[in-house]
Amino acid sequence: REAMWLLCVLAAVLAWGFIWVWDSSERMKSWEQGRLLGAESRTLLVIAHPDDEAMFFAPTVLGLARLRHRVYLLCFSAGNYYNQGETRKKELLQSCDVLGIPPSSVMIIDNRDFPDDPGVQWDTEHVASVLLQHIEVNGINLVVTFDAGGVSGHSNHIALYAAVRALYSEGKLPKGCSVLTLQSVNVLRKYISFLDLPLSLLHTQDVLFVLNSKEVAQAKRAMSCHRSQLLWFRRLYIFFSRYMRINSLSFL
């Protein structure tokens, strides 16, 4: 027990040491591997529901802003599972404003083809068709979305990955358009906040975004815009989840 306690304390000290280092944006940039992404790109964040952008992708959105990317957002549902669709669309726009994404760059799809329902499998070909059209119209050269695990395992998240994967595998994406997927992690890593940083450094394959303390506060403000979703367990999520602070992503 004593040895285990010492290991936990050591891990905490090391993690907070990393946090102190990463609180400097200049040092942070060296780990973002921005050279892989380039500067001033046109990036499309593809999400399934309002609040995904803050709950899972805030570090990526804010990290891309540092690289002067123009970020667009495509949300495939209004989040109407509990008949709150109109409210959630407004909340999404408010959250995007906090994250620096203007309303003109936000598209919310609200139709029966893509219901907010984990029990409904979205048609991969249909999702891919809508997504490809949005990519081409906006001249997108980087797409960011979920990986095969969907972070939370939600079938709507996974459907987005399946569609992007199909476009990529079939060579239908425009020339020069890359895809980054957000790495899912196990439950333990998901809820240890910045303590996951050492593991993220070891396991990130391509791109790592880590927020400084000012940006963490910004991410929390964005998530707080989703008032209809702030049940007690989501408040705990905001406090403990690594995805509010760290994003590890991989290229397809």
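How many Å² does the accessible surface of the chain come to, and what percentage of it belongs to carbon and sulfur atoms? The accessible surface comes to about 12,300 Å², with 57% belonging to carbon and sulfur atoms; areas come from the Shrake-Rupley method with a 1.4 Å probe, and for residues only the protein chains shown count as cover.

The model is predicted: local features need pLDDT of at least 70 and side-chain atom pairs count only at pLDDT 80 or more, while totals for chains, interfaces and linings use all residues. Residues are numbered from 1 along each chain as its sequence is written, and side-chain values use heavy atoms, with hydrogens and water left out.

**Whole chain.** Colour by secondary structure: the chain has 13 helices and seven strands. Helices (H or I, at least four residues) and strands (E, at least two) are DSSP runs, numbered from the N terminus. Of the 252 residues, 52% are buried, meaning under 20% relative accessible area (1.4 Å probe, protein chains only). Among contacts (heavy atoms within 4.5 Å) with a separation of 6 or more, 83% are between residues 24 or more positions apart.

**Largest pocket.** Select Asp51, Met55, His154, Gln229 and Arg234. Of the 23 residues that line the largest pocket, these are the closest to its centre. Its volume is about 530 Å³. A pocket is an open set of points on a 1 Å grid over the protein atoms alone, where a 1.4 Å probe fits, with protein on both sides within 12 Å along at least five of seven lines; lining residues have an atom within 4 Å of a point. The volume is the space filled by probe spheres set on the points, which are joined across faces, edges and corners. Next, select α4 (52-55) and α13 (232-240), the elements that give two or more residues to the lining. The largest share, three residues, comes from α13.

**Aromatic pairs.** The whole structure holds 11 aromatic pairs: rings of Phe, Tyr and Trp (its six-membered ring) with centres within 6.5 Å, stacked under 30 degrees between planes, edge-to-face over 60 and tilted for the rest. Select Phe56 and Phe146, an edge-to-face pair at 5.8 Å centre to centre and 75 degrees between the planes. Phe56 lies in the loop between α4 and α5 (58-66) and Phe146 in strand β4 (residues 142-146), so the pair ties together parts 90 residues apart in sequence. Both Phe56 and Phe146 are buried.

Move to Phe76 and Trp122, a tilted pair at 6.2 Å and 35 degrees. Phe76 is in the loop between β2 (70-75) and α6 (85-99), and Trp122 in the loop between β3 (106-108) and α7 (124-137). Phe76 and Trp122 are buried.

Note on methods:
Buried means under 20% relative accessible area, exposed over 50%, partly exposed in between (1.4 Å probe, protein chains only).
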